[in-house]
Amino acid sequence: MGDPRLRRRLRAGALIGVLTALLGFAIAVQVHANSSPDNLANLRDEDLIGILDNQNARADRLRQQIADLQRTLRQLTTSGDRSAAARRQASQQAAALAVLLGTVPARGPGVIVSITDPRTRLSGEDLLDVVEELRGAGAEAIQFGGVRVSTDTAFTGAAGSVRVGGTPVSPPYRVLAIGGAKTMDTALNIPGGVGATVRAAGGELRVAERSALTISAVRTLPAPRYAHPSGS
Amino acid sequence: MIPALALLAGLVIGLVLRPTVPSWLEPYLPIAVVAALDAVFGGIRARLDGVFDAKVFVVSFVSNVVVAALIVFLGDKLGVGGQLSTAVVVVLGIRIFGNAAAIRRKLFRA
């Protein structure tokens with residue numbers, strides 16, 4: 001260590017070592033930086049233009065896809081709206097049909113008809129006339145006694161043993177009808193009509209108009225045995 | 001012997017640490033590496049010729065790196081960085097080839 005020449009040689013060797021180590025380090029770093037796959041900075045202009053073209057084409061394709069998917073979405077949305085509207089219409093129709101067929105209770109303005117028959121001379125046919133008159137005057141739902149009157153309700157039997165749709169009824173009869181109250185009142189009391197028939201039999205027919213009336217009797221719908229929808 | 005080991009050690013450190021090059025150094029590092037390689041080849045040739053001098057090697061190494069980086073820096077400022085980089089690499093490459101040829105002649109006598 002005391003020899004100045006040796007010290008100088010050692011210092012020079014250390015310096016050279018440091019420099020070469022730096023060189024090795026720099027080479028490794030540079031090679032590593034250059035081999036990174038996403039390093040666009042080292043690419044030539046032509047390569048960059050090619051990559052740019054590819055990216056543009058890809059962006060165009062993706063934009064096209066977006067437009068297609070948006071169109072599909074619009075179609076599906078509108079068809080969904082259409083089917084929802086159809087469902088709404090169908091359910092309204094079903095509700096109207098249920099009222100007409102008597103499968104659900106109904107409420108609305110109408111009349112309460114009371115018929116007395118002290119001498120029991122009114123036959124099923126006479127009582128059917130009352131219902132027919134109400135129907136003709138636009139009654140939409142009718143309850144005779146405790147029976148909901150519908151398309152296939154039959155009035156059978158002679159005076160004193162009248163059956164409505166199979167259920168025996170006895171006077172005094174009470175008929176509820178929902179519809180135009182004034183019209184039905186007029187129709188029942190028309191000269192020579194059912195009112196006159198009842199009075200001729202010794203009874204009395206009274207009509208009371210109501211602005212709100214509830215028909216609670218319902219009937220179950222028999223499944224059709226012979227007739228089936230023809231599937232137009 | 002020491003320089004070869006140091007070079008290897010530097011390579012290993014660089015491979016293990018995997019540092020990212022700071023962006024301001026990015027244009028200069030490749031040129032600096034080529035310039036340093038030129039100095040190293042010159043040193044090897046001088047050693048084989050028996051005229052190696054540590055001081056000369058250190059000065060040539062540092063000045064080579066600094067001048068090469070300066071040229072590239074100047075070229076960047078003048079807007080001809082790419083071309084000047086190419087020029088520096090070509091010149092240094094020719095010198096490296098010349099030194100390598102001299103080393104080859106010394107080693108293999110051919």
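B:Asp38 touches B:Asn64, B:Leu92, B:Arg95, B:Ile96 and B:Asn99, with residues up to four places away in sequence left out. Contact here means heavy atoms within 4.5 Å. The model is predicted: local features need pLDDT of at least 70, side-chain atom pairs count only at pLDDT 80 or more, and totals for chains, interfaces and linings use all residues. Residues are numbered from 1 along each chain as its sequence is written, chains are lettered from A and ligands numbered from 1 in the order in which they are written, and side-chain values use heavy atoms, with hydrogens and water left out.

B:Asp38 sits in helix 2 of chain B, residues 28-49. Helices (H or I, at least four residues) and strands (E, at least two) are DSSP runs, numbered from the N terminus. B:Asp38 counts as buried because its relative accessibility is 1%. The classes are buried (under 20% relative accessible area), exposed (over 50%) and partly exposed (in between), with a 1.4 Å probe and protein chains only.

B:Asn64 belongs to helix 3 of chain B, residues 54-78. Its relative accessibility is 18%, so B:Asn64 is also classed as buried. Beyond four places in sequence, B:Asn64 touches B:Ala35, B:Asp38 and B:Ala39.

With a relative accessible area of 11%, B:Leu29 is buried. Its contacts reach into the other chain: A:Ala26, A:Val29 and A:Gln30 are among them, together with B:Val21, once neighbours within four places in sequence are set aside. B:Leu29 and B:Phe41 are twelve residues apart along the chain, and their C-alpha atoms are separated by 18 Å.

Chain B as a whole has four helices and zero strands. From the N terminus on, the order is α-α-α-α. The C-alpha trace spans about 45 × 30 × 25 Å along its principal axes. Of its 110 residues, 31% count as buried. Among contacts in chain B with a separation of 6 or more, 72% join residues 24 or more positions apart. The chain exposes about 7,000 Å², and carbon and sulfur atoms supply 73% of that area. Accessible areas come from the Shrake-Rupley method with a 1.4 Å probe; for residues, only the protein chains shown count as cover. Chain B carries 10 positive and 5 negative side chains, and the centres of the two sets lie 10 Å apart. Lys and Arg count as positive and Asp and Glu as negative, while His and the chain ends are not counted. Each charge is placed at NZ of Lys, CZ of Arg, CG of Asp or CD of Glu.

Chain A has five helices and eight strands. Its pattern along the sequence is α-α-β-α-β-β-β-β-β-β-α-α-β. The radius of gyration of chain A is 48 Å, whereas a compact globule of 232 residues would have a value near 17 Å. That radius is taken over C-alpha atoms, and the globule rule is 2.2 Å times the number of residues to the power 0.38. The C-alpha atoms fill a box of roughly 155 × 45 × 35 Å along the principal axes. Three domains are assigned in chain A: domain 1 (1-32), domain 2 (42-101) and domain 3 (105-215). Domain bounds come from an automatic or database domain assignment. The C-alpha centres of domain 2 and domain 3 of chain A lie 59 Å apart.

Buried residues make up 29% of the 232 residues in chain A. For contacts in chain A with a separation of 6 or more, 76% fall between residues 24 or more positions apart. The accessible surface of chain A is about 15,100 Å², and 56% of it belongs to carbon and sulfur atoms. Chain A holds 27 positive and 20 negative side chains, with the centres of the two sets 10 Å apart.

A:Ala217 is found in the segment after strand 8 (204-215). Its relative accessible area is 14%, so A:Ala217 is buried. A:Ala217 touches A:Gln143, A:Gly146 and A:Arg148, not counting residues up to four places away in sequence. The C-alpha atoms of A:Ala217 and A:Leu19 are separated by 108 Å, and the two residues are 198 residues apart along the chain. A:Thr120 occupies the loop between strand 1 (106-116) and helix 3 (124-136) of chain A. A:Thr120 is partly exposed, at a relative accessible area of 37%. Its phi is near 40°, a positive value in a residue other than glycine.
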